[in-house]
Amino acid sequence: MLAYLVFFACIVLILGVLTLALNLQWGFTGLFNAGVVGFYAIGAYTHAIVTAAPQPQYVGNFGLPWPVGVLAAMAATALAGWLIGLVTIRLRGDYLAIATFGVAVSIQLVALNWEPLTGGPQGLTRISRPLAQLFETPFGFNLWFLGLMIAIMAAIYWALDRVLMSPWGRVLKAIREDETAAVALGKSARRFRLEAFVLGSTLMGLAGALYVSFIGFVSPYDFLPIVTFQIWAMLIVGGSGNNRGALLGALVIWAIWAGSGVLVTKLVPPSHAAQGGAIQVILIGLLLMLVLLFRPRGLIGEAAVVSRHVND
Amino acid sequence: MERRRRNTVVFALVLMGSVLSAGSAAAQSCPVKIGGVLPLTGSMAPITKKIAQSAELAIEHVNQGGGIKGCPVQFILRDDQGQPTVGVDAAKYLVEVERVPAFTGTISSGVTGPIISSVTAPSKVVQITCCSTASPFTLDGRSGGYFFRTIPTSKTQAFATASETARRGMKKTVVIYINTDFGTDMLRFYKAAVAKLGGEVIAEVPYNDNQPSYRAEVTKALAAKPESLLLIGFPKDGVTIVREWLSLGGTKTIALNNSMRTMDFVNGVGAKFIEDVFGMDNAQVAGPHVDAFNTAFEEKFKTDTKGPGVHTQYDALMVMALAMNIAKDLTGPSIKDAVRRVHVSNGTPVGTGPAEYKKALELIKAGKPIKYFGATGPIEFDANGDVTGPALVWKVKDGQIVTDRIITIEEMQALFKRVEN
């Protein structure tokens, strides 16, 4: 049981990094990024290509150490985020969503088709896992990975908190609330939006690197659009504009997703196990609707911020 | 504000609690648990229904025939939704919480791959799949020998296809294939075989699934002026591609892969348009062991056993149950070794169904070797954990799918020698 919970927690924390990144883009800046999975994929594949054990049929697979892979993943995603941001960031709302969605689908298809680099549909395996050789049991490794994830999460959370409290973070919120007003105050909305987009994308790339180094395998099927939907569900259910909400959302949605499957195997008699899958999907949809009906702003909504000068 | 926060925490705790309590009933000697991971929902769901029923039937037969080591078997089936993260989570849950020493699954190779690398191999549990055919899973050592499959890989089917296209004298073939590991494997092995057996591939056109139209791919394929078509894909896209192919004036000489052997495909295209096509599938070797399975399945579910994975899933679970009886204890490493002892060359033949299973248990108890003939024929794993099997050629006649001829195991073995040496 404990071994499963540790595994479960690792996945939740990886998804949590994605949700925090989306929260920076959507929750604080109002950027409708519908291509989360694309940046996640770039990070994942960069890490895999940089660290996987060399194989003659692939041009990548450099077998470099884990930290190099993680840094390379973040750098590659930052670069991709910047390039994609340059051309799309001026698009508002739904238009940005369509553009980023298209980008994400394209990235998945590139991964599927660029066989010498990505392994194509066969995927890449033997990807570097941090210090894996020190652990004899999978439980030992997962426990160590969980510790690592908690440390990384704490660092990201703290850094985001600082950044969002800073004048830079306040400009993001100002742009989200009223872009015209922010521009009238002399802020370059385009620059701030681009910065938030790149920073968020970089974090998504980090999540991708962490995911493949945890699972040890990457294939294009890891990056279907459903993942973007799940991350959005996590952010909306948890509470957009609130980092604690984003993390709670990641936990709750993944618990619903995995837990409903367990529930179905417990409640549905074995003779109807084949129908259990449909019941699980209905259950997931129902729980999502209930949360949104009773807590329309998410489980923890955005905290109201009042200027400390208001009583001056 | 404070109350709201408390509610939230309570909500999260309740959720965690329900997950926790659900698993705490694990780790008992009786019943013996076997896990299953299959895409019950998602894009594979239409073909998974019969596969899940076949699994259910296998478990029923095992229980009627005496269970495993004197215990009844409990089958815990989880849905992977065709999504890797969901499938990995389900497998991890089965292994760590339900403590299954062996499980069956899954269909999509994109889900099977991460399960092997992050659950099966590190946790040393046995995984037997009915359906994942990606060639590297058994070849590059990533599974540590814990991964088996009862379905002949795409190599068997590709070689058989090549021998049939050569026999029919198909020339100037264009291959339209689904761009998945299955499709690329099939193409690679088909080309290798054609080079030895005769025929030529003049163009290769990959396609991505679930598109509303494949006009671009079909046009590209026709531009090569082919005299025949080999289509490798799945029924839903296959219907669209073949209809567009024929309406744009493509030849009626078409070869198809196993997945198209369903009435959905035949009716989708229109039977009268595809009288000249032929397809491949893994053969259901004739014999009492096959009939027993077919009859039992048809009686229980009031439907036929046609369709991918139906027979191989039954064998996956029967092999697992027999191996668990042979193994000295119910741990992954013991079961892994025992899997290779369900079909011993000097063993007493045993077939499908509860009575035969019971017979096998008696032989095992007496310390005698057994030789399992399953719903797909003799199940003998090679060093990698793969089976080779006979193939069948099917065609469409009077609106029905009929078997044209069988390529026997002996013919297949000869074919492998011819192509690979």
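**The interface**

In this predicted model, 52 residues of chain B make contact with 56 residues of chain A. The area buried between the two chains is about 4700 Å², and carbon and sulfur atoms give 63% of that area. Polar contacts are also found across the interface of chain B and chain A: the rule identifies nine residue pairs, with both residues at pLDDT 80 or more.

One salt bridge is found across this interface. Its partners are B:Glu98 and A:Lys266, whose closest N and O atoms are 2.9 Å apart. This pair counts as a salt bridge because a side-chain nitrogen of Lys lies within 4 Å of a carboxyl oxygen of Glu.

Several elements of chain B give two or more residues to the side that touches chain A, among them α2 (45–64), β2 (73–79) and α7 (181–197). The element that gives the most is α1(B), with eleven residues.

**The second largest pocket**

The second largest pocket holds about 610 Å³ of space. It is lined by 18 residues, and those closest to its centre are A:Leu164, A:Met165, A:Arg170, A:Lys173 and A:Val305. Two or more lining residues come from each of α6 (138–165), α7 (167–177) and α11 (243–267) of chain A. Of the elements, α6(A) gives the most to this lining, with four residues.

**Residue classes**

The table lists the classes of residue in the two regions.

Note on methods
Residues are numbered from 1 along each chain as its sequence is written. Chains are lettered from A and ligands numbered from 1 in the order in which they are written. This is a predicted model: local features need pLDDT of at least 70, side-chain atom pairs count only at pLDDT 80 or more; totals for chains, interfaces and linings use all residues. Side-chain values use heavy atoms; hydrogens and water are left out. Contact means heavy atoms within 4.5 Å. Buried area is the accessible area (1.4 Å probe) that two parts lose on being put together, summed over both. A polar contact is a pair of N or O atoms within 3.5 Å; within protein, one must be able to donate a hydrogen and the other to accept it, and residues adjacent in sequence count only if both atoms are side-chain atoms. On a 1 Å grid over the protein atoms alone, a cavity is a set of points where a 1.4 Å probe fits but cannot get out, and a pocket is an open set with protein on both sides within 12 Å along at least five of seven lines; lining residues have an atom within 4 Å of a point. Grid points are joined across faces, edges and corners, and a volume is the space filled by probe spheres set on the points.
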